[in-house]
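Welcome! Here is a short tour of the structure shown below, starting with its pocket and moving on to its sheet.

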Amino acid sequence: MIAFTGRGVLLDVEGTTSSVAFVYEVLFPFAREHLESYLRQHWDDAPVSKARAQIAHDAGSPFPTDLETGLAPLCKEVLRLMDGDVKATGLKELQGLIWQQGYDSGRLTSHVYPDVPAALERWAQRGLDVRIYSSGSVGAQKVFFAHTAVGDLLPRLRGHYDTNVGPKREAASYRKIVADMGLSPAEVLFLSDVVQELDAAATAGLRTGLVVRSGNQPVAAGQPHAVVTDFGQIEIK
């Protein structure tokens with residue numbers, strides 16, 4: 001149980017609000033399967049061009065900007081990043097665009113844990129500022145929560161942050177987020193399944209809670225964060 005008297009809640013996604021299995025067994029394979037066809041259709045679209053440029057920058061080697069010569073090396077680099085589960089901003093932007101198409105077509109529907117919708121509703125009624133911080137792009141986050149199996153949860157969320165604000169395992173990222181929320185660090189509770197992320201948030205002064213869900217990676221004994229297995233175990237005072 002976590003007793004919380006603050007004004008804001010910051011949520012991770014994978015392993016916290018949604019299962020790891022959904023991300024790795026549904027979303028990632030979908031992006032891989034539709035990568036080449038999506039790029040062929042949208043190569044010169046502004047969001048794709050931005051993602052391509054970021055991926056090339058991160059790779060330290062510019063790719064050809066025309067479709068016919070640039071497609072193969074870009075796809076090779078994207079698949080390499082995906083194989084390594086690299087939390088790269090350009091990759092996440094591109095994945096989010098591909099998923100957007102999947103959600104819009106009805107081929108994708110997001111999984112959320114059963115306790116999540118009720119908690120978001122409860123927190124909204126209490127006037128809490130609830131936001132998302134994920135390695136997935138802001139665009140991917142928004143489409144994810146707009147198309148869940150229990151409906152559109154996006155209206156319950158006031159803001160979204162991705163790796164553009166900084167890495168999730170660095171305290172400076174959380175300082176930027178709480179400043180943007182207009183709250184003091186102690187007024188914000190960060191919930192995640194990753195101890196290193198929680199460590200960084202705690203260093204920045206946030207309250208923290210380790211979310212333990214079925215299918216998550218085992219957590220070493222002795223970690224310092226309060227543990228919950230269900231958002232119903234969070235008491236807002």
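On a 1 Å grid over the protein atoms alone, a pocket is an open set of points where a 1.4 Å probe fits, with protein on both sides within 12 Å along at least five of seven lines, and lining residues have an atom within 4 Å of a point. A volume is the space filled by probe spheres set on the points, which are joined across faces, edges and corners.

This is a predicted model, in which local features need pLDDT of at least 70 and side-chain atom pairs count only at pLDDT 80 or more, while totals for chains, interfaces and linings use all residues. Residues are numbered from 1 along each chain as its sequence is written, and side-chain values use heavy atoms, without hydrogens and water.

The largest pocket holds about 780 Å³ of space. Its lining has 33 residues, and Glu14, Tyr24, Lys87, Val194 and Glu197 lie nearest the centre. Helix H1 gives the largest share of that lining, five residues.

Helices (H or I, at least four residues) and strands (E, at least two) are DSSP runs, numbered from the N terminus. Strands pair if DSSP finds at least two bridges between them. Six strands form an open sheet with parallel pairing, in the order E4-E3-E2-E5-E6-E7. E4 and E7 each have a single partner strand, so one side of each is left without a neighbour in the sheet.

| Helix | Strand | Angle |
|---|---|---|
| H5 (residues 115-125) | E2 (8-11) | about 155 degrees |
| H7 (residues 171-181) | E3 | about 145 degrees |

Terms used:
Contact means heavy atoms within 4.5 Å. Axes are lines fitted to C-alpha atoms, for helices over the stretch in contact, and angles run from 0 to 180 degrees between N-to-C directions.
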